[in-house]
Amino acid sequence: MKHIFFTLKGCPFELLDGEKEIKMMLYRATEASKSTLLNLATYKFDPQGVTGFAMLAESHISIHTWPEKGIAVCDVFTCGDDTEPQKAVEYMKEQLKATDIVSNQFERLLE
């Protein structure tokens, strides 16, 4: 099981504040990671910010944005030998046009 925690920095305000765009990005990040989407939910905050969660058969992908700071805090957690969580991270970084990323990856054990 791989769990990647990451912060995307330097993202444009409008990309971090669009609920429909964040939802579509989570959908496509699921595909990029070769995971199975079970459910997808987003919430738009007032005056700005979006939180989103993709529930996967293999675990989840989440995002919480701070458009006013140009930051998105995310994680991708997958189990199974066929998933590629790093591909979801790369896709999200590209889609949000991040200028920097801070990332940590952990191998999660069931023992």
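The model is predicted, so local features need pLDDT of at least 70 and side-chain atom pairs count only at pLDDT 80 or more, while totals for chains, interfaces and linings use all residues. Residues are numbered from 1 along each chain as its sequence is written, and side-chain values use heavy atoms, with hydrogens and water left out. Helices (H or I, at least four residues) and strands (E, at least two) are DSSP runs, numbered from the N terminus. For exposure, buried means under 20% relative accessible area, exposed means over 50%, and partly exposed is in between (1.4 Å probe, protein chains only).

**Helix packing**

- Helix α2 (19–32) and helix α3 (residues 85–95) pack at an angle of about 145°, with their axes 8 Å apart. Here axes are lines fitted to C-alpha atoms, for helices over the stretch in contact, and angles run from 0 to 180 degrees between N-to-C directions.
- The crossing of α2 and α3 is right-handed. As for the terms, a crossing is left-handed if the near helix is turned anticlockwise from the far one by less than a right angle, and right-handed if clockwise.
- On the α2 side, the contact (heavy atoms within 4.5 Å) is made by Met25, Leu26, Arg28, Ala29 and Ala32. On the α3 side, Lys87, Ala88, Tyr91, Met92 and Gln95 take part.
- Sorted by class, this contact has seven nonpolar, one polar and two charged residues. Ala, Val, Leu, Ile, Met, Phe, Trp, Tyr, Cys and Pro count as nonpolar, Asp, Glu, Lys and Arg as charged, and the others, Gly among them, as polar.

**Aromatic pairs**

- There are two aromatic pairs in the structure. Rings of Phe, Tyr and Trp (its six-membered ring) pair if their centres lie within 6.5 Å; planes under 30 degrees apart count as stacked, over 60 as edge-to-face and the rest as tilted.
- Phenylalanine 5 and phenylalanine 106 have ring centres 5.6 Å apart and planes at 75°, so this pair is edge-to-face.
- Phenylalanine 5 sits in strand β1 (residues 2–9) and phenylalanine 106 in strand β6 (residues 100–107), so the pair ties together parts that are 101 residues apart in sequence.
- Phenylalanine 5 is partly exposed at 35% relative accessibility, and phenylalanine 106 is partly exposed at 40%.
- Tyrosine 43 and phenylalanine 45 also pair edge-to-face, at 4.8 Å centre to centre and 75° between the planes. Phenylalanine 45 is partly exposed, at 33% relative accessible area.

**Cysteines**

- A disulfide is a covalent bond between the sulfur atoms of two cysteines. The cut-off used here is a pair of cysteine sulfur atoms within 2.5 Å, and the structure holds zero disulfides.
- Cysteine 74 has its closest cysteine sulfur in cysteine 11, 8.0 Å away and too far for a bond. Cysteine 74 is buried, at 4% relative accessibility.
- For cysteine 79, the closest cysteine sulfur is in cysteine 74, at 20 Å, again too far for a bond. Cysteine 79 is partly exposed, with a relative accessible area of 28%.

- The peptide bond from aspartate 46 to proline 47 is cis, with omega near 20°. Proline 47 is in the loop between β2 (37–44) and β3 (50–56).
- Lysine 34 has a positive phi, near 60°, in a residue other than glycine. Lysine 34 sits in the loop between α2 and β2 and is exposed, at 52% relative accessibility.
- Lysine 97, likewise not a glycine, has a positive phi near 50°. The loop between α3 and β6 holds lysine 97, which counts as exposed at 57%.

**Buried spots**

- Threonine 30, in helix α2, is buried at 3% relative accessible area. Not counting residues up to four places away in sequence, threonine 30 touches Ser35, Thr36, Leu37, Ala54, Leu56 and Ile61.
- Glycine 18 lies in the loop between α1 (13–16) and α2 and is buried, at 10%. Glycine 18 and threonine 65 are 47 residues apart in sequence and 9.9 Å apart in space, C-alpha to C-alpha.
- Glycine 70 is in the loop between β4 (59–66) and β5 (71–78) and is buried, at 7%. Leaving out residues up to four places away in sequence, glycine 70 touches Leu8, Lys9, Gly10, Cys11 and Leu16.
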